[in-house]
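Here is a short briefing on one structure. Look at the sequence and the model, then read the points below.

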Amino acid sequence: MIELMKVEDLDQVVAIENSSFSRPWSRKYFINEINNNDVSEIYVDIEDGEVISYGDLWYMFENCDLTKIAVKKEYRHKGYGERMMKFLMSTAKRKGCEFMHLEVNTFNKDALSLYEKSGFEIMRTRRGYYENGDDAYDMVVGLIGSRELKKILAIESSCDETACAIVDEELNVYSSVVTSQIDVHARFGGVIPEVASRMHVEQISTIVKSALDQAKLSMDDITAVAYTIGPGLIGSLHVGAIAAKSLAFFYQKPLIGVHHLKGHIFINELIKPLRYPMMALVVSGGHTELVYIEDDQTFKIIGTTLDDAIGEAYDKVARVMNEAYPGGPVIDRLAKEGKEHYQLPMPKVDGLDFSFSGLKNSVLQLVKKETEAGNTINKNDLAYAFQEVALKMLVNKTKKALEEYQCKSLVLAGGVAANSRLREMMSENFTDIDLILPPLKYCTDNALMIACAAVHYLRHEKFVDYDASSMPSMSIED
Ligand code: KG4
Ligand code: ZN
């Protein structure tokens, strides 16, 4: 996540600075840049508290100077420099700058290649600019003449969240609005499809209007309208589809039908660049899949659940324990206080597939047996036992998949990605691959994820007709 640098980031930034430059900026200099320099803004790209890169801009009326850009050593040549550069250029442009200027050592080939890729041109050479006698290039890029970035308005309504978000093709976020119906469905112990559709109808216009208002944009600024075409509840999907199609038809915009799970995968691009081939472990209320992703258009399901989805199993087990819907977060919390006490068998499933219904039945039998014997169930211990077996299966199969398929990154996606124990197990077990764990706020359904995926559809001009049908059980391979 790229954000303004704070004093707490100093230690890390200074360490990167010292290992990157022969004449590094001092700690005092950075403090001055943050606190006292009115024309300067320093941004850092942070993942799980780790600073990956940083960049400093000085704003001077219609011009701005890129005074610093650096990427931590182990993250170089992985797209982070470009990511920071794009961010700085679009930020400067939004602030009304017309040009961005910088100086670079003529021997610094890596930096030169990044700047040239970003559109910078050499204006002149400054002979003996550096203390050691090295020359510098003055480089400039025009920001105003640059093309308007294409913007996507996206709608998500596949289950019990009504949401709308606006992003541009470089993943700058303009707005993201979500309303959840979870409190209403919790009263019934699960999502009631008919209730969900009606609530989407009530919410959708307000949500779309709020997203446009928050972004300070009108439909004239939007290049394409995206929506979740599947999978999901058919009635819920219809509401989002009709809203998106009406907007697209009325304002004559192309329409993009996004696969919901691709949204859960691509939202991670807001955090860091995705590197292909990539493995995705998709874990949600409706899906448990291992997906091999060759490039942003080629998805292959190499393992799937033979019965219940993992989220569904969590919800059902919570119900057996008389706990509220959705059960995932409840079991996550209960298991934290649990210990090894109950024994549940690990389901045996061949290959890369999963199965959770046997495990769910084992929980049911255990509760029945203990209740008949007059024992009270220790919910913490039961939640612990269920979760350890269920999550071990996810981790073991993912390991197996990565042995069979060479991948550069592994991404966790879907509602169950919010599970604290699963995140811990993934971090412990996958240390030698680029592991991507979505921040918690992106794990629940939202429209930002649909917008992030839609950027790829737009890039490949993959549009749908105004009469496209919603697909409640659409496969990610479609
Ligand atoms: O992706 P999602 O929001 O909706 C679907 O597309 O299915 O996933 C919802 C599922 C629910 O089954 C919910 O119980 C589960 O994600 N979930 C969790 C946690 N938070 C949500 N499961 C385990 N631990 C959690 N912390
Ligand atoms: Zn979802």
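How many residues does helix α7 have, and how far does α7 reach from its first C-alpha to its last? Helix α7 (residues 234-251) has 18 residues and reaches 25 Å, close to the 26 Å expected at 1.5 Å a residue. The expected span is 1.5 Å times one less than the number of residues in the helix.

This is a predicted model: local features need pLDDT of at least 70, side-chain atom pairs count only at pLDDT 80 or more, and totals for chains, interfaces and linings use all residues. Residues are numbered from 1 along each chain as its sequence is written, chains are lettered from A and ligands numbered from 1 in the order in which they are written, and side-chain values use heavy atoms, with hydrogens and water left out.

**Helix α7**

- Helices (H or I, at least four residues) and strands (E, at least two) are DSSP runs, numbered from the N terminus.
- Buried residues of α7 include Ser236, Leu237, Val239 and Gly240. Buried means under 20% relative accessible area, exposed means over 50%, and partly exposed is in between (1.4 Å probe, protein chains only).
- The cover over the buried residues of α7 includes β8 (151-156), α6 (193-215), β11 (224-230) and β12 (255-259).
- Ala244 lies in α7 and is buried, at 0% relative accessibility.
- Ala244 touches Ile155, Val225, Ala226, Tyr227 and Leu255, not counting residues up to four places away in sequence. Contact means heavy atoms within 4.5 Å.
- The C-alpha atoms of Ala244 and Ala226 are separated by 6.7 Å, although these residues are 18 residues apart along the chain.

**Zinc site**

- His260 (NE2), His264 (NE2) and Asp445 (OD) coordinate the zinc ion (ligand 2), at 2.1 to 2.2 Å. Donors are N, O and S atoms within 2.8 Å of the metal (3.2 Å for Na, K and Ca); water is not among the atoms, so sites may look incomplete.
- The spacing of the donor residues in sequence is H-x3-H-x180-D.
- His260 lies in helix α8 (residues 260-266) and Asp445 in the loop between β17 (434-436) and α14 (448-459), so this pair ties together parts that are 185 residues apart in sequence.
- His260 is buried, with a relative accessible area of 8%. Asp445 is buried too, with 15%.

**Ligand 1**

- There are 18 residues around ligand 1, and Gly285, Asp315, Asp332, Gly415 and Asn419 come nearest. A residue counts as near if one of its heavy atoms lies within 4 Å.
- A nitrogen atom of ligand 1 is 2.9 Å from an N or O atom in the side chain of Asp332.
- For the side chain of Asn419, a nitrogen atom of ligand 1 lies 2.9 Å from an N or O atom.
- An oxygen atom of ligand 1 is 3.4 Å from an N or O atom in the side chain of His260.
- A polar contact is a pair of N or O atoms within 3.5 Å; within protein, one must be able to donate a hydrogen and the other to accept it, and residues adjacent in sequence count only if both atoms are side-chain atoms.

- A salt bridge is a side-chain nitrogen of Lys or Arg within 4 Å of a carboxyl oxygen of Asp or Glu.
- Asp11 and Arg27 form one of them, at 2.8 Å from N to O. This pair links distant parts of the chain, with Asp11 in helix α1 (residues 10-20) and Arg27 in helix α2 (residues 27-35), 16 residues apart.
- Asp11 is exposed, at 51% relative accessibility, whereas Arg27 is partly exposed, at 40%.
- Arg421 forms a salt bridge with Glu388, with the closest N and O atoms 2.7 Å apart. Arg421 is in helix α13 (residues 420-429) and Glu388 in α12, 33 residues apart.
- Glu388 is buried, with a relative accessible area of 10%.
- Arg421 also meets Glu424 in a salt bridge, at 2.5 Å from N to O. Both lie in α13, 3 residues apart, about one turn of the helix.
- Glu47, Lys272, Arg275 and Asp434 are linked in a network of salt bridges.
- Helix α12 (residues 379-404) has 26 residues and reaches 38 Å from its first C-alpha to its last.
- Asn378 caps the N-terminal end of α12, with a side-chain oxygen 3.0 Å from the backbone nitrogen of Asn380.
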